[in-house]
Amino acid sequence: MQLSLTTLSSGMLNDYWQLTKPKVVALMLLTAWVGMVLARDELPSPALTLTALGGIGLLAGAAATLNHLLEGQRDALMARTRRRPVACGRLPPHRAALFALALALSGFWLLYLGVNPLTAWLTLGSLVGYAGIYTLLLKRSTPQNIVIGGLAGAMPPLLGWTSITGTLGAEPWLLVMIIFTWTPPHFWALAIHRRDDYARADIPMLPVTHGLDFTKSLILLYLLLLTLICLLPYLIGMSGLIYLVSALLLNLRFLYFGWRLKVSADAGAAMRAFRFSITHLMLLFLALVTDHYCYWQLG
């Protein structure tokens, strides 16, 4: 009996953990941390860093939980998502809703009291943008859902910046622009791989509404645009040669995956492009930090 209760408790905790989409939140927190590091020449204090990342992470987890809650019925129709806790009935919707509320309130007040009100309100606005505008409205109504709704997911570098400075500036918006442009090719690659799932769930993703060839062409165009936008931190003096070389190499590699997706009939090309897109963003932002730290030390 004790073993059964332990297993049940462990399984329930894991379900709540999965509601927060921890891998997605971890990538968001990495980009938020980069925004914090770039905001000042000196490294931010450990206490402020942990408080800011904790609050941003809690609100991001709340947004992810609301996405599970609002998309439960559609998730149940898709092979990729049908085993999610709400979709398969392991967690009832009211528990997911209470969990999301607890995460959101905790995260908001942690940021408001421990960081600054601007960061708290911007992070809450990102939650509303993702869970409300994207999930409830855009995802179900337009194939450009991920383009328009991608702004909410692109906000973490700005949130990291404001958590240190308490003000908005041009530089963090440039980081937002990078993620905003990166998001469509990242997500459309996955949508190509899961096209039948989205069609079954009646979600108007671009590969469903406009076909695979059109989507692949648009991925390439966005990758070209992304390559140009990734040069801007160097061109405005925000970063140096370490970042420039890294950005060029990473974007050329991403373009290669996009080109192979366009011209190849290989069924695995879409997932390879999707997986590399995650590596691309991680390494790109780590290159920004490395460049900033090296030039700060040299200076």
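**View 1. Packing of helix 9 against helix 12 at an angle of about 155°.** Helix 9 spans residues 170–193 and helix 12 spans residues 212–229, and their axes lie 9 Å apart. This view, like those that follow, shows a predicted model. An angle over 145 degrees counts as roughly antiparallel, and helix 9 and helix 12 are therefore roughly antiparallel to each other. Their crossing is left-handed.

View 2. In the model, residues 49–70 are 100% helix and 0% strand, with the end C-alpha atoms 31 Å apart. Residues 214–235 are 91% helix and 0% strand, and here the end C-alpha atoms are separated by 32 Å.

**View 3. Helix 8 with helix 3.** Helix 8, formed by residues 156–165, packs with helix 3 at an angle of about 140°, and the two axes are 10 Å apart. Helix 3 and helix 8 are therefore oblique to each other. The crossing in which helix 3 passes helix 8 is right-handed.

**View 4. Helix 8 with helix 2.** The axes of helix 2 and helix 8 lie 7 Å apart, and the packing angle is about 40°. That angle makes helix 2 oblique to helix 8. Helix 2 passes helix 8 in a right-handed crossing.

**View 5. The second largest pocket and its lining.** This pocket has a volume of about 150 Å³. Its lining consists of Y16, W17, T20, P22, V25, A26, G57, L58, G61, F99 and L103. By class, eight of these residues are nonpolar and three are polar, while none is charged. At least two lining residues come from each of helix 1 (2–19), helix 2 (22–39), helix 3 (46–70) and helix 5 (93–114).

Key: Residues are numbered from 1 along each chain as its sequence is written. This is a predicted model: local features need pLDDT of at least 70, side-chain atom pairs count only at pLDDT 80 or more; totals for chains, interfaces and linings use all residues. Side-chain values use heavy atoms; hydrogens and water are left out. Helices (H or I, at least four residues) and strands (E, at least two) are DSSP runs, numbered from the N terminus. On a 1 Å grid over the protein atoms alone, a cavity is a set of points where a 1.4 Å probe fits but cannot get out, and a pocket is an open set with protein on both sides within 12 Å along at least five of seven lines; lining residues have an atom within 4 Å of a point. Grid points are joined across faces, edges and corners, and a volume is the space filled by probe spheres set on the points. Ala, Val, Leu, Ile, Met, Phe, Trp, Tyr, Cys and Pro count as nonpolar, Asp, Glu, Lys and Arg as charged, and the others, Gly among them, as polar. Axes are lines fitted to C-alpha atoms, for helices over the stretch in contact, and angles run from 0 to 180 degrees between N-to-C directions. Angles under 35 degrees count as roughly parallel, over 145 as roughly antiparallel, 65 to 115 as roughly perpendicular and the rest as oblique. A crossing is left-handed if the near helix is turned anticlockwise from the far one by less than a right angle, and right-handed if clockwise.
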